[in-house]
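Hi,

Here is the structure I promised to pass on.

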Amino acid sequence: MTVFLSLSLPLRSLTFPQKPTSNLFFSTQFRLSYQSQSMSSASQSEPKLGSKVTFQVPGLDSSEIDRIADATFQRYSSPKLQRNGSGVSIVWFRNDLRILDNEALYRAWASSEAVLPVYCVDPRLFGTTHYFGFPKTGAFRAQFLIECLADLKKNLMKHGLNLLIQHGKPEDILPSVAKAFGAHTVYAHKETCSEELNVERLVSKGLQRMELPGVSGNQNAKNPKLQLIWGSTMYHISDLPFNPDSLPDVYTQFRKSVESKSTIRGCYKLPTMLGPLPSGSLDEFGGWGSIPSIHELGLHQGKREKGMYFIGGESAAMGRVIEYFWKKDLLRVYKEIRNGMLGPDYSTKFSPWLAFGCLSPRFVHEEVKRFEKEREANNSTYWVLFELIWRDYFRFLSIKYGNSIFHLGGPRNVASKWSQDQNLFEAWKEGRTGYPLIDANMKELTTTGFMSNRGRQIVCSFLVRDMGIDWRMGAEWFETYLLDYDPCSNYGNWTYGAGVGNDPREDRYFSIPKQAQTYDPEGEYVAFWLPELQALRNDKRNFPGKAYLQQIVPLKFGSTNFKSGHPRFKSVRQNKEYRR
Ligand SMILES: Cc1cc2nc3c(=O)[nH]c(=O)nc-3n(C[C@H](O)[C@H](O)[C@H](O)COP(=O)(O)OP(=O)(O)OC[C@H]3O[C@@H](n4cnc5c(N)ncnc54)[C@H](O)[C@@H]3O)c2cc1C
């Protein structure tokens, strides 16, 4: 399913604009790109982001990534921490693939004499999506997961532990591992959506059925317990000024309330050593098990030939934080550049690591505060936290609204007519709608597993507003491809984009011509992904007329007809834009 584009782009097309433009985004990004390039490589005098067609994120070599990770672990280590438990506990890793600020790991360590870390490669993750039967996990995300597991295993080993990797359902595996090692508790992070909650229930039941004679850790326990811990958000659920069931339906109210009434907890410190491992044989589990290859997961990873590719794992996540905030100094200007679409540096790109739990949002918060103290505090430094509060909000909303976030009518149960026209949907997902901005974004998604926030909002609006297609088809396509897929943020944003979200005011149309003129005025982005537009004048790349594919549907408002140098906008009241 992966689409690879040819590499026939002339270098000129891949560089930032050579002349200053009046557009704030481009001029700022140009300047920043130049500064960061010259900071990191003195020999490079040309301000070229685009002299490359692939961008590793983070753009650091593996030894630097390891150095940064080790230094960060060191910074957070505390020799004073003491464990006061007995017996064996298990850490069941789920979407929390990190050792820093991992409360489940910390509590397992503190409450035992030996910890066994376990990861289950659950076949259900590699099945199909709920309604439309797309692959549930595409090859990019699977590859990212593989790298996350390798890095987690490495970091656990550096701290005196290891990672038992088992292929199968957690509810089948964890009870037998707990029995074999006489573990008194399985610690894990709590999830909020139905599929994950179901697994929690089954694991808990499986453990309850497991009789443990002579568990030494807890005299009263007859069977191992499942201890679930909250840890995916920046604000802890227990620190919210309201019960999640009465969460405000307007984001601003939620944000103002948590900002004024709650505090963000500090990161958990890391014991200098997490070992020992429990004694006992792993023979019945086939030893420590192996990290699956992409082929073993039934997937095929093509060559990465274009756009960004992300390195999975906690170490790379820390590398990215240090690179974006400190080395490139981009936190200082994040708010001005965050709406970009091209290259690795317009936004943090933390989302894949946050989704897999390689990166703790509380760690990001602490790094922002450190930056504000040591360098500068401004609107941009705050804005990263503002965006992370959106992430928290969607997570808490999934508790309040349950499965309705996956339903056609969304949390408000809105009755609308939707089409499931396959021709239109195929054109959208394959990037051949005849609108360069849509097509470029969709090609980026299927080539890399990533799309900018701006791009996601635009392609979502186009699918649901201009094409009238069932928004769940778009959401499930994103579920397959996104590296950073998480059910709360994905379905939360899609319900907003489709106008069926909990907040009726989040119901806006994105005008493609206006978005193109504002965010890709030189056509750099579309030309990067659609090489056939290279030959056109910069200002025509987003408005190519007959020089490009025929438009598959007309726009609901406005048009991309290029008359006397400008696209025509129809000024209608409904043509409201997202301001975020
Ligand atoms: C239709 C649609 C689907 C989306 N699906 C997902 C998804 O499955 N997973 C996901 O993590 N994000 C999703 N987003 C939100 C957003 O697009 C990505 O989080 C963002 O583009 C990631 O890039 P970044 O890390 O550079 O973001 P930055 O701009 O650097 O923001 C920093 C962090 O804030 C959080 N954040 C920013 N915007 C949002 C938002 N609108 N909603 C929730 N969190 C946000 C992310 O964790 C992000 O990493 C979706 C947005 C839309 C419009």
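From which domains does the shell around the ligand draw at least three residues each? Both domain 1 (57–406) and domain 2 (422–567) pass that mark. Keep in mind as you read that this is a predicted model.

Staying with the ligand: 29 residues surround it, and the closest are Ser347, Thr348, Glu387, Asn490 and Asn493. Four helices each supply at least two residues of the shell, namely helix 10 (351–355), helix 12 (379–401), helix 15 (453–466) and helix 17 (487–497). Helix 12 gives the most, with 6 residues.

Next, the largest nonpolar core. It has 149 residues, and those touching the most other members are Ile90, Val91, Trp92, Val118, Leu174, Val186 and Leu463. Helix 4 (residues 139–158) is the top contributor to this core, giving 10 residues. Domain 1 (57–406) and domain 2 (422–567) both give residues to the core, so it lies between them.

Leaving aside neighbours within four places in sequence, Ile90 is in contact with Ala108, Leu116, Val118, Leu174, Val177, Ala178, Ala183, Val186 and Tyr187.

Some overall numbers to finish. The protein has 19 helices and 11 strands, and 48% of its 580 residues count as buried. Among contacts with a separation of 6 or more, 78% are between residues 24 or more positions apart.

Cheers

Note on methods: Residues numbered from 1 in each chain as written. Predicted model: local features only at pLDDT ≥ 70, side-chain atom pairs only at ≥ 80, totals over all residues. Near = placed C-beta within 6 Å. Domains from an automatic or database assignment. Core = buried A, V, L, I, M, F, W, Y, C linked by C-beta atoms within 7 Å. Buried ≥ 20, exposed ≤ 12 C-beta atoms within 10 Å, placed from the backbone. Contact = placed C-beta atoms within 7 Å.
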